[in-house]
Amino acid sequence: MINIRNLARSYKTGHTESFVLRRIQLQIRAGEFVTIMGPSGAGKSSLLQVLAMLDDHWHGEFTFEDRAVHTMTRKQRAEVARQRIGMVFQSYHLLDDLTVAENIDLPLSYKDISRSNRQALVADTLDRFSIVGKKDLYPSQLSGGQQQLVGIARAVIHNPSLLLADEPTGNLHSAQAAEIMQLFRKLNEQGTTIVQVTHSETNAAFGTRTIELRDGWITRDTANPMLHAVQETTA
Ligand SMILES: Nc1ncnc2c1ncn2[C@@H]1O[C@H](COP(=O)(O)OP(=O)(O)OP(=O)(O)O)[C@@H](O)[C@H]1O
């Protein structure tokens with residue numbers, strides 16, 4: 001599904017250029033549940049931003065579902081992301097002046113779907129996530145766990161093939177976090193490929209593969225135990 005070769009990302013501050021992602025090689029197959037870990041500042045969110053196609057300022061090759069992202073215009077990338085990718089954030093990113101149902105409906109407003117089909121999809125999703133009773137409430141009237149449930153419902157309503165999550169349980173109690181992770185596992189079992197960034201080993205245990213980033217390098221990949229040795233010989 002994802003094939004990344006020689007990905008590099010840097011930021012310029014004054015005359016200095018600091019690399020936050022360096023020579024990243026990464027393949028992710030459809031159906032995987034990947035966890036990206038590593039210390040603060042390692043480049044985890046930067047990598048997720050590239051995967052989400054929210055970042056245009058990187059170098060390298062990135063193929064997504066057999067399409068060359070590196071040759072696309074910004075508009076084409078945004079379109080692929082809208083159609084195929086869902087994103088979940090630590091701070092939920094719900095719109096405060098929209099109800100739960102209206103928040104969930106948002107991704108559908110970018111698609112060519114009739115009003116009645118949209119209403120049916122929203123109703124199905126509310127049902128699937130057991131939040132029918134909350135549909136007319138506003139985000140501020142929900143607990144953090146419930147807000148994240150809405151965030152995930154919104155991220156998957158358009159049935160994306162890839163779900164990206166940046167510290168999705170960072171603001172939640174452990175019981176709420178476990179519920180969210182169980183939901184991720186269920187979505188993954190139903191066919192959604194997931195890439196999550198987390199500091200939590202407990203959350204990582206829900207995934208099928210863990211990648212560790214340090215100083216912009218991939219230093220560990222449970223799907224490729226030889227990686228460390230290969231890097232040492234090519235360094
Ligand atoms: N807009 C920016 N301008 C300059 N430097 C940036 C910018 N965004 C990120 N960085 C730098 O890039 C590096 C990697 O940041 P990133 O947010 O990807 O790390 P992270 O591993 O997700 O960290 P954390 O676990 O703290 O979220 C950091 O050193 C950060 O300061």
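**The ligand shell**

Around the ligand stand Tyr11, Val20, Gly38, Ser40, Gly41, Ala42, Gly43, Lys44, Ser45 and Ser46. A residue counts as near a molecule if its C-beta atom, placed from the backbone, lies within 6 Å of it. This is a predicted model: local features need pLDDT of at least 70, side-chain atom pairs count only at pLDDT 80 or more, and totals for chains, interfaces and linings use all residues. Numbering starts from 1 along each chain as its sequence is written.

Helix H1 (residues 44–51) gives the most to the shell, with three residues. Helices are DSSP runs of H or I, at least four residues; strands are E runs of at least two, and both are numbered from the N terminus. By type, the shell holds three nonpolar, six polar and one charged residue. Here Ala, Val, Leu, Ile, Met, Phe, Trp, Tyr, Cys and Pro are nonpolar, Asp, Glu, Lys and Arg charged, and the others, Gly among them, polar.

Next, the sheet. Four strands form an open sheet, ordered S2-S1-S4-S5, with antiparallel pairing. Strands pair if DSSP finds at least two bridges between them. S2 (16–28) and S5 (67–68) are the edge strands, each with a single partner, so one side of each has no neighbour in the sheet. S4 (residues 58–64) and S5 run antiparallel, joined by two bridges. Threonine 63 stands opposite alanine 68 in S5.

Last, valine 195. Not counting residues up to four places away in sequence, valine 195 touches Ile28, Val34, Ile36, Leu48, Leu51 and Leu164. Contact means C-beta atoms, placed from the backbone, within 7 Å.

Terms used: Two residues are in contact if their C-beta atoms, placed from the backbone, lie within 7 Å.
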